[in-house]
Amino acid sequence: MRGLLGRGVALLAVVLVIGLLPWLTSNDPALTILHARYADRPPTPETLAAIRAETGLDGGPSHVLGGWLGALPHGDFGTSWVSGAPVGPDVSAALGVSLTLMGCSLLVAVVLAGLLCLRTLRLGARRRIVRTRAGVVGAVPAALPEFLIAAVLATVFAVQLRWFPAVGWGTFGDVVLPAVAMGVPAGALLGRLVDDALPAAFAEPWAKAAVAGGIPGRRVARHALRRSLPGVLPQFGFVVVGLTGGAVAVETLFAIPGLGGTALGAALAQDLPVLQASVLVLLVVGVLAGLAVRGIGRVLVGPAVRDGALPALVRPRLDAGRAVRWAAVLLTVVFVGTVVAGLLRDPYGIDVAARLSGPTGAHPLGTDSLGRDTLARLGHGAGRTVLAALAVTVVTLVVGVLVGMLPARAGADGFTEMVNALPAIVTGLVVAGIAGPGAGASALAVAVVAWAPLAAHTRALYVLERAAPHVAVAESLGAGRAWVLRRHVLPGVLPPVLRHAVLRIPAIALALASLGFLGLGAAPPAPEWGRMLAENMPYAERAPWSVLAPAGALVLLGVLAVLWGAVGGTGQPVRRRGQAEAEISTPTEISTPVDKFAEPALEKVRA
């Protein structure tokens with residue numbers, strides 16, 4: 001009951017903040033509404049005053065919000081300030097479209113995640129995991145922008161091959177391309193997280209006993225998957241919400257009348273009733289997804305969490321492999337060398353005669369639509385995109401860990417679900433409207449919502465670690481909360497969350513690029529990878545190098561994050577050179593370390 005109350009308070013707070021948007025921005029909302037209604041009508045004082053009186057803006061925020069909240073219990077979402085039509089039917093239709101697209105995209109994501117985990121499941125069931133490869137394989141699709149995947153799919157399969165419609169909504173063919181474009185990055189992320197958790201489940205004593213006892217490998221793999229899912233299950237709920245309202249660029253490209261595009265259009269036009277209704281529906285979807293995930297998690301774990309009888313999952317030491325280490329070093333040299341070479345060039349110089357020219361000696365990566373050197377803009381944009389992504393990642397990691405370990409009575413779970421339900425682009429519009437467009441505003445907008453997945457991951461692992469028997473033993477022997485947290489809980493929580501944060505560096509860079517793609521990042525002509533994609537996307541078929549350069553840099557950033565995460569997260573190899581395969585570390589090597597408080601009690605148990 002307390003959790004539902006906290007979620008209700010958080011939902012109301014977010015809706016109220018959205019409702020204050022016209023009074024928080026520096027622009028006159030009446031002027032924005034006038035331009036959205038009549039593009040050519042002059043903004044006379046009389047016209048603006050009439051719009052304020054019609055919309056209730058002259059009565060202040062209490063009048064507007066009070067009227068909207070008073071009609072809400074009756075199912076009345078108000079009337080659009082731009083079109084004059086009732087908001088309810090339009091938002092309901094958009095929700096139906098988004099839910100359909102989300103279901104198809106989620107199916108693609110789950111299938112891809114399963115394929116990425118298939119090798120680990122197969123080898124783990126035979127006790128022969130040496131290293132996991134899903135992270136490296138999944139880094140490429142996870143780092144690709146959704147709008148870039150959508151543009152490539154539309155160009156190849158809709159325009160050239162004519163297998164699917166290029167735009168529109170209403171038939172099964174209209175769903176395929178956008179569902180693939182949205183599902184591939186989400187599936188790569190989910191597959192990487194599940195694959196990262198599986199070795200710890202296969203390293204538990206029960207798995208070794210099951211294999212030695214002749215239990216079929218499929219059954220062992222199924223139980224290991226069930227054992228691994230509770231720690232990463234909240235991410236599935238976040239993906240559901242993200243696919244429902246966060247695919248604004250994909251919906252815009254394929255002309256899909258979804259909820260994300262509806263919210264974006266309402267935010268741009270300052271159509272407050274439509275924006276509030278869209279955000280409210282997304283928040284409700286977020287709450288329902290969070291409750292469903294919690295219910296599924298309780299079913300998977302059973303009463304073990306309540307009884308404090310759930311052994312902690314400890315990831316075994318896996319060998320990254322010499323090839324992975326050399327690949328990480330080589331790609332880092334390529335990345336740094338490309339950036340340095342670009343920094344030595346002028347990113348603002350214009351060569352009109354070389355517009356959209358291909359790679360040459362003078363322009364190794366070609367030029368853009370204005371004749372500017374692509375290599376120079378790529379190098380100078382790395383500082384804005386990569387450094388901003390790293391800074392946002394550090395901030396979100398700290399905030400996510402702190403929020404995730406708050407007591408349940410603090411109501412942080414409901415607040416996390418509310419924040420995650422907000423589309424990053426809509427948040428970016430709110431922050432940009434208050435602070436103005438710019439690199440700092442886009443970074444702040446991403447940081448406001450990017451901590452939520454890390455907080456949910458931390459919370460899920462924290463609950464599981466607190467349920468471990470050795471924690472109960474340590475507390476019964478007088479160990480303090482700080483000692484238990486430092487010696488027993490954090491060692492099992494921080495490494496997976498840290499790897500998750502590293503995995504999200506390219507995702508954060510993509511979010512920054514998406515805001516730059518919509519013109520909410522650094523102001524032109526500043527070089528920024530998202531702005532480079534936005535400026536050159538119309539010329540992708542004629543000059544593909546102008547788009548491939550920033551897209552390839554984003555992909556390379558994602559691959560580097562995964563490679564260095566794999567290298568840095570490994571210890572001593574678990575197999576000797578020359579052996580074809582080796583088993584996971586023994587239970588003694590992977591058992592949870594105990595301290596001076598727990599050791600005496602465990603010795604008595606052994607005796």
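Which exposed residues does the face of α16 turned away from its buried side carry? In this predicted model, that face holds R322, A323, W326, L330 and V333. On the buried side, things look like this: V324, A328, F335, V339 and G342 of α16 are all buried. Helix α16 runs over residues 322–343, and at 1.5 Å a residue its 22 residues should span 32 Å; the end C-alpha atoms are 32 Å apart, so the two values agree.

Stepping back to the whole protein chain, the secondary structure comes to 27 helices and zero strands. Of the 607 residues in the chain, 52% are buried. Contacts also reach across the sequence: if one takes those between residues at least 6 apart, 77% join residues at least 24 apart. A pair that is separated along the chain by 406 residues is V9 and F415, whose C-alpha atoms are 8.7 Å from each other. V9 sits in helix α1, which covers residues 2–19. With a relative accessibility of 53%, V9 counts as exposed, because the cut-off for that is over 50%.

Next comes a pair of packed helices. Two such helices are described by the angle between their axes and the distance between the axes. For helix α6 (residues 87–124) and helix α11 (residues 217–245), the angle is about 150 degrees and the axes are 11 Å apart. Angles over 145 degrees count as roughly antiparallel, and α6 and α11 are therefore roughly antiparallel to each other. The crossing of α6 past α11 is right-handed. Where do the two helices meet? On the α6 side, the residues are S98, L99, M102, S105, L106 and L121, and they meet A221, V239, V240, L243 and T244 of α11.

Finally, a couple of loop residues have backbone angles worth a look. A255 is not a glycine, yet its phi is positive, near 55 degrees. A255 belongs to the loop between α12 (248–253) and α13 (259–269). Phi of L356 is likewise positive in a residue other than glycine, and is near 55 degrees. L356 lies in the loop that runs between α16 and α17 (374–404). Is each of them buried or exposed? A255 is partly exposed, with a relative accessible area of 45%, whereas L356 is buried, with a relative accessible area of 7%.

Key
Residues are numbered from 1 along each chain as its sequence is written. This is a predicted model: local features need pLDDT of at least 70, side-chain atom pairs count only at pLDDT 80 or more; totals for chains, interfaces and linings use all residues. Side-chain values use heavy atoms; hydrogens and water are left out. Helices (H or I, at least four residues) and strands (E, at least two) are DSSP runs, numbered from the N terminus. The expected span of a helix is 1.5 Å times one less than its number of residues. Buried means under 20% relative accessible area, exposed over 50%, partly exposed in between (1.4 Å probe, protein chains only). Axes are lines fitted to C-alpha atoms, for helices over the stretch in contact, and angles run from 0 to 180 degrees between N-to-C directions. Angles under 35 degrees count as roughly parallel, over 145 as roughly antiparallel, 65 to 115 as roughly perpendicular and the rest as oblique. A crossing is left-handed if the near helix is turned anticlockwise from the far one by less than a right angle, and right-handed if clockwise. Contact means heavy atoms within 4.5 Å.
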